[in-house]
Amino acid sequence: MTPWLTVVGIGEDGFPGLGKQARRALLGATKIVGSPRQLALLPHCTRAEQLPWPSPFSLNPVLALRGEPVCVLASGDPMFYGVGASLARLVPAAEMRVLSMPSSCALAAARLGWPVQDLHVVSLVARPLAALNAHLYSGLRLLVLSNDGDSPAAIAALLCERGFGPSRVQVFEHLGGEAERTLVGTAQDWPHTDIAALNLVAIDCQATPHAPRHHRLAGLPDSAFRHDGQLTKRDVRAMTLARLAPQPGELLWDVGAGCGSIGIEWMRAHPACRALAIEADEGRQGFIEHNRDALGVPGLQLVRGKAPAALHGLEPPDAIFIGGGVTREGVLDLCWASLRPGGRLVANAVTLQSELALAHFRQQHGGELTRVHVAHAQPLGAFDTWRQALPITLLEVQKPVDA
């Protein structure tokens, strides 16, 4: 099949910077779709009808033209955080071809002399600024795709707030075009305000000695979370997440989420991990909203309500953690029924009644029960002694694949 759709990556140098294939596709198209800025880069000899993207944005106008020779304009590499990636999910590969230009990240890395394979890229285009928090580590180099001209100042303020004020920040405007400009400063002394909407931010992360050290491994310090005591403590949390075994793209239900610590650490395990935090208490819902942003996973979805009623209609999960409510009628049964085949269920108990509920569930569905005792050294007069925390019983069970 001859592709009817051609996605053309175009740079700031416009039509003259395109290769022969891209030029031919644009000159032979009956319709060209793109942003007003991109369409303005086309020469007058282009005879195709020019269609700006609708607002709100939708791919439907392109899909409705199936069979016609259509071109879609994209910035740089269409498959790198671009419209090409979105179209590829809906248009068969045999019907579409993509003609790429260097991405803004590739151009920025070339200007900086930074090896691309050593960089981390974060997109803030139509995404919360808090997503950057998950990537702040001293010594790391970041390339951030800005949402608009206000993004660099907001990024600098966030870096200062998180203890990364000394970080060197460089902003690239209109990369690859005649209007290209580079602005340099540190986050704590960021002097620039008038910045073009089309920009990319490069950050050489440098932390102050007192900046929090939030690693990617399970078991962040309890102090990393705001909470009212309803928190799966650090050591038990690490063991719980090891049993939940996060995998890219999987969905977790964190039932009785408290301050959201399990769901947050699940999502920090991989950028593609997803989580729903189900919590009935209004105060704890506020903790979840704060913690998810502060720890860089603003995509964690808060479900306001009490299980089991709040679980109805939710997307079936790949894993479930029940931190509270195992004795509530219907919670365990509905969670088990909702879990995808092959999925994992982990539940923690601290009371005799909740332990009995887990033991009864294990008799029906199998699994492994583990008793965890954790003690911490604390002062006793002039000496130290061990203070035993409440023992925790963990149930871990995997749903049969053929269930």
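Colleague: In which strand is Thr 370 found?

Modeller: Before I answer, please keep in mind that this is a predicted model. Thr 370 is found in strand β16, which covers residues 368-372.

Colleague: Is Thr 370 buried or exposed, and how do you know?

Modeller: The relative accessible area of Thr 370 is 19%, and buried means under 20%, so Thr 370 is called buried. Leaving out residues up to four places away in sequence, Thr 370 touches Arg 243, Ile 392, Thr 393 and Leu 394.

Colleague: What is the relative accessibility of Thr 240, and why does that value settle how the residue is described?

Modeller: Thr 240, which lies in helix α7, has a relative accessibility of 0%. Because the cut-off for buried is under 20%, Thr 240 counts as buried. Apart from neighbours within four places in sequence, Thr 240 is in contact with Ile 262, Phe 321, Val 346, Asn 348 and Leu 394.

Colleague: What makes Leu 217 exposed, and where does Leu 217 lie?

Modeller: Leu 217 has a relative accessible area of 65%, and exposed means over 50%, so the word exposed applies to Leu 217. This residue lies in the loop between β10 and α7. The C-alpha atoms of Leu 217 and Ala 238 are separated by 8.3 Å, although these two residues are 21 residues apart along the chain.

Colleague: At what angle do α7 and α8 pack, and why is the pair called oblique rather than parallel or perpendicular?

Modeller: Helix α7 (residues 234-244) and helix α8 (residues 261-268) pack at about 55 degrees, and their axes are 11 Å apart. Roughly parallel would need an angle under 35 degrees, and roughly perpendicular would need 65 to 115, so α7 is oblique to α8. The crossing of these two helices is right-handed.

Colleague: Which residues make the contact of α7 with α8, and how do they divide by type?

Modeller: On the α7 side the contact is made by Arg 237, Thr 240, Leu 241 and Leu 244, and on the α8 side by Ser 261, Ile 262, Glu 265 and Trp 266. These residues divide into 4 nonpolar, 2 polar and 2 charged.

Colleague: Turning to the sheets, what makes β3 and β5 edge strands?

Modeller: They belong to an open sheet of 5 strands in the order β3-β2-β4-β1-β5, in which the pairing is parallel. Both β3 (49-52) and β5 (96-99) have a single partner strand, so one side of each is left without a neighbour in the sheet, and that is why they stand at the edges. Ignoring direction, neighbouring strands of this sheet are turned by 20 degrees against each other on average.

Colleague: How do you know that β1 and β5 pair?

Modeller: Two strands pair if there are at least two bridges between them, and strand β1 (residues 5-10) and β5 have 4 bridges, in the parallel sense. Within this pairing, Val 8 stands opposite Leu 99 in β5. Helix α1 (residues 20-28) lies across β1, β2 (31-34), β4 (70-75) and β5, and runs at about 130 degrees to β5.

Colleague: Why is the pairing called mixed in the sheet that holds β6, and which strands are at its edges?

Modeller: In general, strands of a sheet pair through backbone hydrogen bonds, either parallel or antiparallel. The open sheet in the order β6-β7-β10-β8-β9 has 5 strands and is described as mixed. Its edge strands are β6 (120-123) and β9 (181-186), each of which pairs on one side only. As one example of pairing, 4 bridges join β6 to β7 (residues 141-145), and these two strands run parallel; the bridge partner of Val 121 is Leu 143 in β7.

Colleague: Which strands does helix α6 lie across, and at what angle does α6 run to β10?

Modeller: Helix α6 (residues 151-161) lies across β7, β8 and β10, running at about 20 degrees to β10. Helix α5 (residues 104-112) lies across β6, β7, β8 (168-173) and β10 (199-204), running at about 140 degrees to β7.

Notes:
Residues are numbered from 1 along each chain as its sequence is written. This is a predicted model: local features need pLDDT of at least 70, side-chain atom pairs count only at pLDDT 80 or more; totals for chains, interfaces and linings use all residues. Side-chain values use heavy atoms; hydrogens and water are left out. Contact means heavy atoms within 4.5 Å. Axes are lines fitted to C-alpha atoms, for helices over the stretch in contact, and angles run from 0 to 180 degrees between N-to-C directions. Angles under 35 degrees count as roughly parallel, over 145 as roughly antiparallel, 65 to 115 as roughly perpendicular and the rest as oblique. A crossing is left-handed if the near helix is turned anticlockwise from the far one by less than a right angle, and right-handed if clockwise. Ala, Val, Leu, Ile, Met, Phe, Trp, Tyr, Cys and Pro count as nonpolar, Asp, Glu, Lys and Arg as charged, and the others, Gly among them, as polar. Buried means under 20% relative accessible area, exposed over 50%, partly exposed in between (1.4 Å probe, protein chains only).
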